[in-house]
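Hello,

Here is the structure we discussed. Please have a look before reading my notes below.

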Amino acid sequence: MSPATPPTHSTRLPAPDDPGTLPLPPAAFPDPGVELIRGAFYAQRPGSRPLSMDLWLPRDRGAPVPVVVFVHGGGWRIGRRDDLGPRFRAWRPGPFARIARQGIAVACPDYRLSAEATAPAQLEDLTDALAWLGDRAAEIGVDPGRTVMWGESAGGHLAALTALTAPTAPTEPAAPAAGTETGAVSGSVTVRGCAAWYAPSDLTNFGTDHPKEGFDPRDPDSSEARLLGVPPAEDPEHALAYSPVGRVAPGAPPFLLMHGDEDRTVALHQSVRLAEALHAAGAQADLRTVPGGDHQWRALPEGDVLSCFTTTVDFFHDRLGTPA
């Protein structure tokens, strides 16, 4: 009688869940006319946390609606996907609900922070978020052919990088999908514009643009060095490759750049550099300097903060072909 064969144990690790097939989380209805799908799982890589996004949607979608993809700030080190900054946290309804009530969806994705992974991880994550929106567009009720990027501070940097990398429709405003019912449009995303608030745009010159402050481009603990994995001054080619000014090319989509002239965190000249690069490439760039504006619109009167928001939403309507 032969001895029993010992049991075998597989060392193969389980595959991560497929975000393209997982059911969407249940919807909530936080404000009149608004549907919120919070925490929809869109990507996961081995050794990394699952990445999710929130979807703020017009509740009554008779046809697929355009979408704004918002990218949060926080120096690439911290931040929450649903946070536009301290000046907007007390708004009721909140800024994303206000946009959804005007017929435009807002997608707010996570991305890996710099302590989790260095560039290009963040750009890869946002590219995956766009692909997920295209794959699930019919189910969600959005039109991926009418997409605009938006971000503030470090999120503006990432939104601009994504807009300059993704497929684009550079100049003409988008036309709504005609003759379609809810969920009838799906497919690849087309980025038709980008709005960036007080965003780093040229990491090679980030420190030198701040003559009055102590920004050291060789500091290995700076937010820029943690994003890149090396101080910008030690590898300027790498810093330029992950700067929006280094990605500008003919055919870039139109940009709205808003920046305060009293910004002590990201110098106004960072947005000037991006506007100049876009103009040199033949692209549209509307640079709005906000008098008295510091970073995150600190110290601005409430009416001026509202004006920054409404100017940006008007840009969305123009690029997405929706009535203001």
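Which residue lies over the face of phenylalanine 29, and at what distance from the ring centre? It is arginine 59, at 4.0 Å. Keep in mind that this is a predicted model.

Now the sheet. Eight strands form an open sheet with mixed pairing. The order is β1-β2-β4-β3-β5-β6-β7-β8. β1 (34-43) and β8 (285-290) stand at the edges with a single partner strand each, so one side of each has no neighbour in the sheet. On average, neighbouring strands are turned by 20° against each other, direction ignored.

β7 (residues 255-260) and β8 run parallel and are joined by six bridges. Phenylalanine 255 stands opposite alanine 285 in β8. Helix α7 (residues 268-280) lies across β7 and β8, at about 160° to β7.

Next, the aromatics. A search of the whole structure gives 14 aromatic pairs. Phenylalanine 70 and tryptophan 150 have ring centres 5.1 Å apart and planes at 65°, so this pair is edge-to-face. Phenylalanine 70 is in strand β3 (residues 65-71) and tryptophan 150 in strand β5 (residues 142-152), so the pair ties together parts 80 residues apart in sequence. Both residues are buried.

Tryptophan 91 and phenylalanine 309 also form an edge-to-face pair, with 5.1 Å between centres and 85° between planes. Tryptophan 91 sits in the loop between β3 and α1, phenylalanine 309 in helix α8 (residues 302-320), 218 residues apart. Both of these are buried.

One aromatic cluster includes Phe70, Trp91, Trp150 and Phe309. Among its other members are Trp56, Tyr198 and Phe316.

Best wishes

How values were computed. Residues numbered from 1 in each chain as written. Predicted model: local features only at pLDDT ≥ 70, side-chain atom pairs only at ≥ 80, totals over all residues. Heavy atoms only, no water. Phe/Tyr/Trp six-rings, centres within 6.5 Å; stacked < 30°, edge-to-face > 60°. Helix = DSSP H or I, 4+ residues; strand = E, 2+ residues; numbered from the N terminus. Buried < 20%, exposed > 50% of the residue type's maximum accessible area, 1.4 Å probe, protein only. Lys NZ or Arg CZ within 6 Å of the ring centre and 35° of its normal. Pairing = 2+ DSSP bridges. Axes fitted to C-alpha atoms, helices over the stretch in contact; angles between N-to-C directions. Contact = heavy atoms within 4.5 Å.
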